[in-house]
Amino acid sequence: MIDHLAVSDAVADLLATPDTAPVPRDTTTGHRQQLAYGPLGIALLHIERAASGRGSWQRVHDWMATATARPVTSGPDSHAFYGAPALAHTVACAANHLPGPYQRALDKLDTQLTADVTRRLDAAHRRIDAQLLPALSEFDCIRGLAGYGPHLLRRDPGSATVRAVLDYCVRLTEPLTDQGETLPGWWTAHGPSGRPDPGFPLGHGNTGVAHGIGGVLAFLALSARNGTVVDGHHDALRTVLAWLDRWQEPAGQVPMWPYWVTRAELRNDLLIPSSPRRPSWCYGTAGLARAQQLAAHVLGDTGRQTTAEEAFICALQDPAQMKATAGIGLCHGFAGLAHLAARTSHDAHPSTAERLRAAIPPLLESVCLPDAAPAETARALVQDEESGPGFLNGAAGIALGLMSAAEAPRSAWDSCLLTA
């Protein structure tokens with residue numbers, strides 16, 4: 001039997017310091033400000049380990065020093081996974097356990113973030129006033145306002161800035177009219193890449209947690225669970241949930257949700273059949289099930305809660321969806337599924353909690369090399385040329401997923417994913 005925590009330990013040891021880690025040069029240079037691929041994400045692994053007593057704070061300091069060796073980008077060119085906002089998330093995870101210099105740095109970053117969010121909100125409201133369709137980067141988890149939400153909520157849940165972001169999220173759920181058709185307020189004129197796409201000539205409605213309305217749903221639910229609610233909050237939750245109900249795919253006995261809805265599908269009120277898709281965090285059943293579970297808790301809807309949890313369980317037991325899950329990282333792989341299953345099981349109804357926990361060991365087995373020593377598996381993960389050593393797809397995130405499957409995170413590292 002594979003010792004998954006030993007694999008996580010071995011990954012952390014290989015990534016002990018920027019000077020000795022066997023990582024591509026781009027990790028510490030070109031990706032320096034990237035939470036997904038660079039030193040900030042690796043620092044999250046060491047923060048979680050130090051916070052749980054498994055590692056050294058010195059490793060955190062070393063990776064943070066590399067990330068901040070030169071000025072960090074703020075303003076229009078930054079977002080929750082790049083530049084000052086990404087740094088703020090990582091620093092906040094450390095400052096919760098090790099105040100002092102991290103807290104002072106965080107105070108400065110928060111001032112900048114408040115200014116950036118205010119600018120983004122002003123632009124978003126002008127866009128809505130003009131009855132124009134949004135870009136995904138206006139509202140999504142990775143690049144948009146939903147991605148700023150978790151940090152703001154953790155820092156000061158009752159602040160005017162948090163409430164302003166929530167007011168915007170509520171307004172985003174109000175319908176818009178485009179070319180004579182009524183569309184959900186989050187409908188974008190572009191393709192899933194955020195750019196014009198001939199495959200999506202009239203845009204699409206994105207359901208994903210990473211790039212669509214699923215992330216907004218999760219943020220609205222998390223803020224309400226933490227006691228911060230604005231006018232129209234629950235109505236906005238119900239609007240998004242009704243949209244997901246409308247487009248749920250009853251593929252046999254395995255409920256799932258599409259990654260997106262096209263204008264042709266909207267006009268015909270019918271999805272075009274597609275091959276099974278992976279049930280990942282970024283897109284698909286796993287992330288959406290967690291977001292709907294969180295929303296159901298807020299609304300006191302036990303039926304919806306168990307439906308979401310059952311959908312997740314069905315996805316994990318569906319050979320077609322598991323076969324479509326080719327990666328092992330947090331974003332769209334088996335480590336992400338294990339992490340989500342653990343998080344979802346903590347809040348699950350007793351009828352589903354044990355079944356979710358029982359689904360985790362096979363997911364972990366899919367992450368690690370069979371019959372290999374932990375050090376061998378760790379080296380393969382760190383040196384994988386496609387996934388790399390980073391957070392969202394690579395070794396650091398996988399190591400965090402292996403840890404969280406055994407014990408709930410201590411540092412809130414996953415708040416940037418809107419999973420808790």
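1. The side chain of S8 reaches the backbone oxygen of A399 at 3.0 Å, a polar contact in the sense used here (a pair of N or O atoms within 3.5 Å; within protein, one must be able to donate a hydrogen and the other to accept it, and residues adjacent in sequence count only if both atoms are side-chain atoms). S8 lies in helix α1, where helices (H or I, at least four residues) and strands (E, at least two) are DSSP runs, numbered from the N terminus. S8 counts as buried because its relative accessibility is 0%; buried means under 20% relative accessible area, exposed over 50%, and partly exposed in between (1.4 Å probe, protein chains only). Leaving aside neighbours within four places in sequence, S8 is in contact with R49, A399, L402 and M403, contact being heavy atoms within 4.5 Å.

2. On the basis of these values: this is a predicted model, in which local features need pLDDT of at least 70 and side-chain atom pairs count only at pLDDT 80 or more, whereas totals for chains, interfaces and linings use all residues. Residues are numbered from 1 along each chain as its sequence is written, and side-chain values use heavy atoms, with hydrogens and water left out.

3. Axes here are lines fitted to C-alpha atoms, for helices over the stretch in contact, and angles run from 0 to 180 degrees between N-to-C directions. The crossing of α1 and α20 is left-handed, a term that applies if the near helix is turned anticlockwise from the far one by less than a right angle, with right-handed used if clockwise. On the α1 side the meeting residues are H4, L5, V7, S8 and V11, and on the α20 side they are A395, A399, L402, M403 and A406.

4. A second pair to inspect is α6 with α8 (residues 145–155), whose axes are 11 Å apart and pack at an angle of about 140°. That angle makes α6 oblique to α8, since angles under 35 degrees count as roughly parallel, over 145 as roughly antiparallel, 65 to 115 as roughly perpendicular and the rest as oblique. The contact draws on Q103, L106, D107, D110, L113, V117, R120, L121 and A124 of α6, together with L145, Y148, H151, L152 and R155 of α8. The crossing of α6 and α8 is left-handed.

5. The largest nonpolar core has 134 residues, and those with the most contacts inside it are V11, L15, F81, Y168, W281, F312 and F391. Such a core is a set of buried Ala, Val, Leu, Ile, Met, Phe, Trp, Tyr and Cys residues joined through side-chain atoms within 4.5 Å. Helix α5 (residues 84–95) gives the most to this core, with 9 residues. Among the contacts of F391, apart from neighbours within four places in sequence, are L35, F81, L330, L400 and W413.

6. In helix α4 (residues 57–67) the buried residues are W57, V60, W63, M64, T66 and A67, and they pack against α2 (25–28), α3 (39–51), α5 and α6 (101–129). The N-terminal end of α4 is capped by S56, which has a side-chain oxygen 2.9 Å from the backbone nitrogen of Q58.

7. R290, in helix α13 (residues 285–299), counts as buried because its relative accessibility is 1%, and a polar atom of its side chain lies 2.9 Å from the backbone oxygen of T419. R225, in helix α10 (residues 213–225), counts as partly exposed because its relative accessibility is 38%, and its side chain makes a polar contact with the side chain of D347 at 3.2 Å. Not counting residues up to four places away in sequence, R225 touches R290, L294, V298, D347 and A420.

8. Which value does phi of Q131 take? Phi of Q131 is near 55°, a positive value in a residue other than glycine, and Q131 is placed in the loop between α6 and α7 (136–139). Q179 likewise has a phi near 55°, and its place is in the loop between β1 (176–178) and β2 (181–183). Most residues other than glycine have a negative phi. Q131 counts as partly exposed because its relative accessibility is 40%, whereas Q179 is exposed, with a relative accessible area of 60%.
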